[in-house]
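Please work through each task with the structure at hand before reading its solution.

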Amino acid sequence: MKRRTFASLTLFPLLLAACGGGEPGPSNPPDVVPPQEHAEALAAMRRAATFMSEEVAYEGGYVWSYLPDLSRSWGEMEAKRTMLWVQPPGTPSMGHLYLDAYHATGDELYYKAAEAVTLALIEAQHESGGWNYIYDFAGEESLEDWYDTIGKNGWRLEEFQHYYGNATFDDAGTAVASQLLLRMYLEKKDERFREPLYKAIGFVTESQYDGGGWPQRFPLMGKDGKPDYTSLITFNDDVAGENIKFLIMCRLALGESQLLGNIERAMDSFVALQQPAPQPGWGLQFTPEGKPSGARTYEPGALTTHTTANNIQQLLNFYSLTGDEKYIARVPEALDWLEKVALPPELIESFPDRTHPTYIEIGTDEALYVHRRGSNVVNGEYYFDKDPGKPIGHYGQARKLDVPAMRARYEELTAMSPDALTAGSPLAIAGPVELPRYFSLREVKLDDLFAGRTMTTTPVTEEEAQKVVSELDAEGYWPTKITMITNPYMGPGSAAPYLEDTYAMTHVGDRNDTSPYDPTKAPATYPAEEPPTGISVESFIKNMGVLIAHVAPVK
């Protein structure tokens, strides 16, 4: 459930067109740049996109990184060549980037690349309307083989150890793919995209619980015939927030006013699931009865400080959207509680640049810390206690939260008049209206969907653009050190107890562990090695974002 958003990869400056308030035209035409302007940057963009779409993509899909000869590739784990990865920065993120490049240049090459990505995602779409983390063009047997070998032996990646056969809201994959379908349908009203788009909308609305929240996976299946954490009401990775944003986008761009009920129920779930005093926070997941619950074995049933901070920000967003004080009535309580449970001074040195423990025990306000013992998924296990020593390294046991900034935002919003607060709210716009035109340069936030607002930064300089152009190699990609690699699958690990603590704080266990790790920070029993140079989707999105921001016309 580690969140990697395509939008967080690039924060390059540009004045971006936001919702214009008028009805979109039939084709939402691109912003055309004359070919003679920025010729070198435009040529580099075209060469890089051609290489990625014609040489690297498989049936229009992408994973995260590749060796130059494409002999090995990775998403969050090692991938087969026949796979696409839905989790950002995978396939949907590439589609958004190509569509942004089309808007910036008017070059049909980018639209065709975005079209290929979208068609790949339509093939990968689960019949319910959502997406799994991954899809294998070679078929179910090949995918099940992957889960039974590579996935099953990733010690720390429990979400890949079992093939559910359904779709997931985790890691924003379904959200980003759904947004791309929406954008592509709006672009030229291509009917091939309409039915899959409405299937995606149906996936979000049909999976929503009566109380307004969502499970992590849907349709509900559980594991080995028994319900598990994937059916719990999920805040982890901002599942609810991502779904709310997508539904608001559909309400705006398609005029689907009936989605307002789903949106309001979802917002109300944040209020309903805030825990009572003296612990007015939230956990990662909740039972149907509204009690915080554990999830993966290194996610104990507890309150979580980073989820609480995110939900406070969302409640402030909902107040801005509606002006309804029910969304902020208990925000001061939550802020006070976060101040109360901050790391004590004696632990600041143990968790540099962090302010709060991740987990807070229900009933005591004492911090919980997760540890592990063993060397692989067969002989290893996770456990938690109140000892901060030797916490697991792959899931942060402390967080950096800016409580004063959250309190300042609360005070700023509550000082505004109701009319000023909600002016241009996307919940009040009649619609349909255009969405922002660029999604890959930075995250599109709820604030950006208000009528009359713009997504603004400062322009990319000529020097910055030229640096990116100069680093593009002769083949057409930006060579990148791949710092997350894996051990090749070697079979299940030994079940013999492993009594040392070699792997207590590492990202990967022994050589049978297929979890990803940074080769420059290898476990003590591994020799550190130079990471391979290869092709990175993340670097492609980042560098293309610089060039798009450089060549796109300012509005």
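**Exercise 1.** Determine in which sense strand 10 and strand 11 pair, and over how many bridges.

*Solution.* Step 1: strand 10 comprises residues 285-286 and pairs with strand 11 in the antiparallel sense, over two bridges. Strands here are DSSP runs of E of at least two residues, and helices are runs of H or I of at least four, numbered from the N terminus; two strands pair if DSSP finds at least two bridges between them. The model is predicted: local features need pLDDT of at least 70, side-chain atom pairs count only at pLDDT 80 or more, and totals for chains, interfaces and linings use all residues. Residues are numbered from 1 along each chain as its sequence is written, and side-chain values use heavy atoms, with hydrogens and water left out.

Step 1: the bridge partner of Gln-285 in strand 11 is Ser-293.

Step 2: the open sheet has three strands in the order 9-10-11, with antiparallel pairing. Its edge strands, each pairing on one side only, are strand 9 (233-234) and strand 11 (292-293).

**Exercise 2.** Identify the residues with the most contacts inside the largest nonpolar core, and list the contacts of Tyr-98.

*Solution.* Step 1: a nonpolar core is a set of buried Ala, Val, Leu, Ile, Met, Phe, Trp, Tyr and Cys residues joined through side-chain atoms within 4.5 Å. Buried means under 20% relative accessible area, exposed over 50%, and partly exposed in between (1.4 Å probe, protein chains only).

Step 1: the largest core has 137 residues, and those with the most contacts inside it are Met-52, Tyr-62, Trp-85, Tyr-98, Leu-182 and Phe-540. Helix 7 (residues 239-254) gives the most to this core, with 11 residues.

Step 2: leaving aside neighbours within four places in sequence, Tyr-98 is in contact (heavy atoms within 4.5 Å) with residues including Met-52, Tyr-62 and Phe-540.

**Exercise 3.** Why does the ring pair of Tyr-498 and Tyr-503 count as tilted? Compare the burial of Phe-169 and Phe-203.

*Solution.* Step 1: rings of Phe, Tyr and Trp (its six-membered ring) pair if their centres lie within 6.5 Å; planes under 30 degrees apart count as stacked, over 60 as edge-to-face and the rest as tilted.

Step 1: among the 27 aromatic pairs, Phe-169 and Phe-203 are tilted, at 4.8 Å centre to centre and 40° between the planes. Phe-169 is buried at 5% relative accessible area, and Phe-203 is buried at 0%.

Step 2: the centres of Tyr-498 and Tyr-503 lie 5.5 Å apart with planes at 45°, so this pair is tilted. Tyr-498 is partly exposed at 24%, whereas Tyr-503 is buried at 5%.
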